[in-house]
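Thanks for coming. Please look at the model on the screen.

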Amino acid sequence: MAETDAAEKDVDNIIRVLVATDNHLGYAEKDAVRGEDSFTAFEEILELAVSEDVDMILLGGDLFHDSVPSQNAMYKCIELLRRYTFGDKPVPLEILSDQSQCFYNAVNQSVNYEDPNLNISIPVFSIHGNHDDPSGFGRLSSLDLLSTTGLINYFGRWTDLTKVEISPILIRKGETKLALYGLSHIHDARLVRIFKDFKVTINCPNESEEDWFHLMVVHQNRADRGPKNYLPEELLPAFLNLIIWGHEHDCRIEPEVNALRDFYVSQPGSSVATSLAKGESLKKHVGLLEIYKTKFNLKPLPLQTVRPFIFESIDLEDYVDKLNLKQGDASTKVYNFAIKRVEDMIEQAKTLLTGHPKQPTIPLIRLRLRYTDETYMFNTIRFGQIFGTRVANGADVVKFEKLIKRTKSDKVNIDKDAMQRVMEVENTARVEELVDRYFEEVKDKNPLKLLHSKALAEVTYRMVERSDNNAADQIFKFYNEKAVEHLMDTLPAIENINDEIENFRQRYKADDLLKMLDDFGVKTEPKSSLANIKISNESDLSEAQTTSSARATGRGASRGAGTRGRGGAASTRAKAKLDVSVNTKNSSSAAQGLLESSNRGRRAKATVTYVVSDDSD
């Protein structure tokens, strides 16, 4: 990481920025125990800005938890901003760019500290996130209200979703010149499509780009949650020096270098835990960013007022012998075991107390129990009541997660040759098309016993393209119920059951499957995959061509005049695979294998999560 040289440090030439993201003001504000957590952490962040004597505060989106925050949340936010960012201290930052084009809903169309009616000592710059994005009548964000009142400088908003053009805010302090780029939240699939269609322009200052420090703040998925559900870092231009990444709550504050683009990425994470996930249990930080010319140093500042949170995950299969779960009442044994573990976790949480007078002392506790036998389960709500006021989340201290273990002898029955032939077909860029083509290709060798391939294609489409986590449950439940009805109507002899199930499968393979699902209340999207895929009943794969056009999978971004960058479109040959945990017993091993063939896809989420693992893991 490029660091400021001690000999070069000069307060008149160094821009000092306090960096934070995902404050989620108003989260659980009606909770008697946790209601003040988000405001307490935000106040500490503002106190740090004052004590560190920063020139500005940079927020990476999701300042509020709700797009329409409550009056209570808005009032407390305004009160804190006025208390800590107003004052007589002069702001040494000079704005060089056209301010009327930079800031949204600013009354004077200028940065707030240049407003003669306001007395700003620490300006706050912020983009919006997915929680506080513009919505409702007038398409206003809560940040628009704060900008109108002069409390923050709202930038990086883009409303034309057919293209994006980002021009930086140009800031100068002495010898240091900062180009600040903002990209407020846009739905990930839409944003990636805009990038790959080369409709994103990121403008550089007219002068030589080497004279500026290029800082960008974004609010998108960073973790790979499917090929269309995150923003790959490589799509951003190489001339950037540092990216502040919002939206992800895991704290990865230390800058990480992207070797392909040669820039750094810092992910501060959230300042309050909004879910009981492992990533939220990491120590919370904000960052003190010092910029001198084209060099920077990012110092992590640990937050002292965050509620202690302990997360632990246990595979009960590892305790079968120790707890003697195969004999007697397994549920009671696991129950008593969980009590002891939670007691230990409460004691462990005491080590996270910082001594700060405003830090909550009642901890968040999450014990995840992964099981394969449902007899291990117990009532988690009653369990939480045991700990009363000793934990802040009594209703969900324990979470059960089903673990489907597959031994090495349980080989998934996939026809690799057929898979290869399907993957080599040109103009196939959609995962649901691959699912449908594969089962048509191998139908004589490994036929589906109950489902038709189009049903699996529809499940795949809804889960990947529409983020419909209930698609598998809905469609598989439909097939299961209709199969039982069919068998009850026909009452075949035992030796003829398989033949009758095949008759059922052929009956529900028709091209009007969409209409059939709608008739029985299984809702489909208007542009469903079934409406776009035409599969021949013949085994000749050449006749199984899709009517939908292939989508480009290239990487790169279009840039306007005065920019430099790299990019290009890759081949449109389909290389997509899907990894989905299927909550059903009706899918064949081949179907399960196809859906588990890669770790690139979206996982279906339900109340009980199904995880596929290997003994060697």
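Which residue in β8 is the bridge partner of leucine 170? The bridge partner is alanine 179.

Before going further, some conventions. This is a predicted model, where local features need pLDDT of at least 70, side-chain atom pairs count only at pLDDT 80 or more, and totals for chains, interfaces and linings use all residues. Residues are numbered from 1 along each chain as its sequence is written, and side-chain values use heavy atoms, with hydrogens and water left out. Strands are DSSP runs of E, at least two residues long, numbered from the N terminus. Two strands pair if DSSP finds at least two bridges between them.

Now back to that pair. Strand β7, residues 169–173, runs antiparallel to strand β8, residues 176–183, with 5 bridges. Both belong to an open sheet of 7 strands with mixed pairing, in the order β3-β7-β8-β10-β11-β13-β12. At the edges sit β3 (94–95) and β12 (252–258), and each pairs on one side only.

Next, phi. Most residues other than glycine have a negative phi. Histidine 247 has a positive phi of about 90 degrees and is not a glycine. Histidine 247 lies in the loop between β11 (242–246) and β12. Is histidine 247 buried or exposed? Buried, at a relative accessible area of 17%; the cut-off for buried is under 20%, for exposed over 50%, with partly exposed in between, using a 1.4 Å probe and protein chains only.

Aspartate 262, also not a glycine, has a positive phi of about 60 degrees. Aspartate 262 is in the loop between β12 and β13 (263–267). Aspartate 262 is exposed, with a relative accessible area of 59%.

Conventions
Helix = DSSP H or I, 4+ residues; strand = E, 2+ residues; numbered from the N terminus.
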